[in-house]
Amino acid sequence: MLTGGPFCAPIRGPVCTPIDKLLRFSADTFFAKRYGHRAIVLETVAAVPGMVGAMFTHLSCLRRMRDDDGWIRTLMEEAENERMHLMTFIEIAQPTWFERMVILGVQGVFLVGFSVLYLLSRRTAHRVVGYFEEEAVTSYTLYLQEIDEGRSPNVAAPAIAKHYWKLADDASLRDVVLVVRDDEAHHRDVNHGFASILGGRPPGDHAIAPYPEHDGQLQPTL
């Protein structure tokens, strides 16, 4: 897992792009304040870019017979981490039948579209993911606000979350949202850093957002 160095020098700052505005409008319109359901649907899409990027990077390195400089492992970890977000929120908010249909359609369209984008411009693809992750950070910040103000119940953290993030036995949903938000901030900075490297720009001077410690064993012990 890549955790530092010039590879993942971030671009930071309160940049609000048309992409961010479109994502926020779409999510707010469809999910309103149902942040648990929003997380489930969005995480099924968020796990796609890392896997696509890792696959195409792997194939490119094979063709060119060159080292990947740690990109493949980093992208695979990102995809697995996003899947664990999904597995966690499934325990908190069960998706409706309609949301499951939305997931099927959106994931299929996004997989094809992002694959084409990655083949055409890796730099643009990673930059777009950076913006996606920034929107995810905003969504989880709003989720925390809902919990803190009592509009969303602060239930006990699922066992899979406590195991994966090594949380305390008495951890709550708020603790889970905090570590998930840290994950998304880390992915944001890594992808913006990748985009800068691919664009020939020098790495930034800021450190990437901290990444919570994750357990190597994904299934909770019985």
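This is a predicted model: local features need pLDDT of at least 70, side-chain atom pairs count only at pLDDT 80 or more; totals for chains, interfaces and linings use all residues.

**Exercise 1.** Determine the angle at which H4 and H5 pack, and state which class of arrangement it belongs to.

*Solution.* 
Step 1. The axes of H4 and H5 are 5 Å apart, and the packing angle is about 135 degrees.
Step 2. Angles over 145 degrees count as roughly antiparallel, and 65 to 115 degrees as roughly perpendicular. An angle of about 135 degrees therefore makes H4 oblique to H5.
Step 3. On the H4 side, the contact is made by Phe110, Phe114, Leu117, Tyr118 and Leu120. H5 contributes Arg122, Thr124, Ala125, His126, Val128, Val129 and Phe132.
Step 4. Sorted by class, this contact holds nine nonpolar, two polar and one charged residues.

**Exercise 2.** Describe how helix H5 is arranged relative to helix H7, including the handedness of the crossing.

*Solution.* 
Step 1. Helix H5 spans residues 122–148 and helix H7 spans residues 173–198. Their axes come within 8 Å and cross at roughly 160 degrees.
Step 2. Because angles over 145 degrees count as roughly antiparallel, H5 is roughly antiparallel to H7.
Step 3. The crossing of the two helices, H5 and H7, is left-handed.
Step 4. The contact of H5 with H7 comprises 16 nonpolar, seven polar and ten charged residues.

**Exercise 3.** Is asparagine 191 buried or exposed, and which residues are in contact with it beyond its neighbours within four places in sequence?

*Solution.* 
Step 1. Asparagine 191 belongs to helix H7.
Step 2. Its relative accessibility is 1%, and the cut-off for a buried residue is under 20%, so asparagine 191 counts as buried.
Step 3. With neighbours within four places in sequence left aside, the contacts of asparagine 191 are Glu78, His126, Arg127, Val129 and Gly130.

**Exercise 4.** Classify the ring pair of phenylalanine 110 with phenylalanine 114, and then that of phenylalanine 114 with tyrosine 118.

*Solution.* 
Step 1. A pair of aromatic rings is described by the distance of the centres and the angle of the planes. Rings pair if their centres lie within 6.5 Å, and by this rule there are eight aromatic pairs.
Step 2. For phenylalanine 110 and phenylalanine 114, the ring centres are 5.6 Å apart and the planes stand at 25 degrees. Planes under 30 degrees apart count as stacked, so this pair is stacked.
Step 3. Phenylalanine 110 and phenylalanine 114 are four residues apart in helix H4 (residues 97–120), and therefore about one helical turn separates them. Both phenylalanine 110 and phenylalanine 114 are buried.
Step 4. Phenylalanine 114 also pairs with tyrosine 118, at 6.0 Å centre to centre and with 40 degrees between the planes; this pair is tilted.
Step 5. Phenylalanine 114 and tyrosine 118 are likewise separated by about one helical turn, because they are four residues apart in helix H4. Tyrosine 118 is buried, as is phenylalanine 114.

**Exercise 5.** Which residues form the aromatic cluster that includes Phe56, and what are the surroundings of phenylalanine 56?

*Solution.* 
Step 1. One aromatic cluster is formed by Phe56, Phe110, Phe114, Tyr118 and Phe132.
Step 2. Phenylalanine 56 is placed in helix H2. Its relative accessible area is 18%, under the 20% cut-off, so phenylalanine 56 is buried.
Step 3. Apart from neighbours within four places in sequence, phenylalanine 56 is in contact with Ser115, Tyr118 and Leu119.
Step 4. Phenylalanine 56 and serine 115 are 59 residues apart along the chain, and their C-alpha atoms are separated by 8.6 Å.

**Exercise 6.** Summarise the secondary structure and the burial of the chain.

*Solution.* 
Step 1. The chain has seven helices and zero strands.
Step 2. Of its 222 residues, 48% are buried.
Step 3. Among contacts with a separation of 6 or more, 80% join residues 24 or more positions apart.

Definitions and conventions. Residues are numbered from 1 along each chain as its sequence is written. Side-chain values use heavy atoms; hydrogens and water are left out. Axes are lines fitted to C-alpha atoms, for helices over the stretch in contact, and angles run from 0 to 180 degrees between N-to-C directions. Angles under 35 degrees count as roughly parallel, over 145 as roughly antiparallel, 65 to 115 as roughly perpendicular and the rest as oblique. A crossing is left-handed if the near helix is turned anticlockwise from the far one by less than a right angle, and right-handed if clockwise. Ala, Val, Leu, Ile, Met, Phe, Trp, Tyr, Cys and Pro count as nonpolar, Asp, Glu, Lys and Arg as charged, and the others, Gly among them, as polar. Buried means under 20% relative accessible area, exposed over 50%, partly exposed in between (1.4 Å probe, protein chains only). Contact means heavy atoms within 4.5 Å. Rings of Phe, Tyr and Trp (its six-membered ring) pair if their centres lie within 6.5 Å; planes under 30 degrees apart count as stacked, over 60 as edge-to-face and the rest as tilted.
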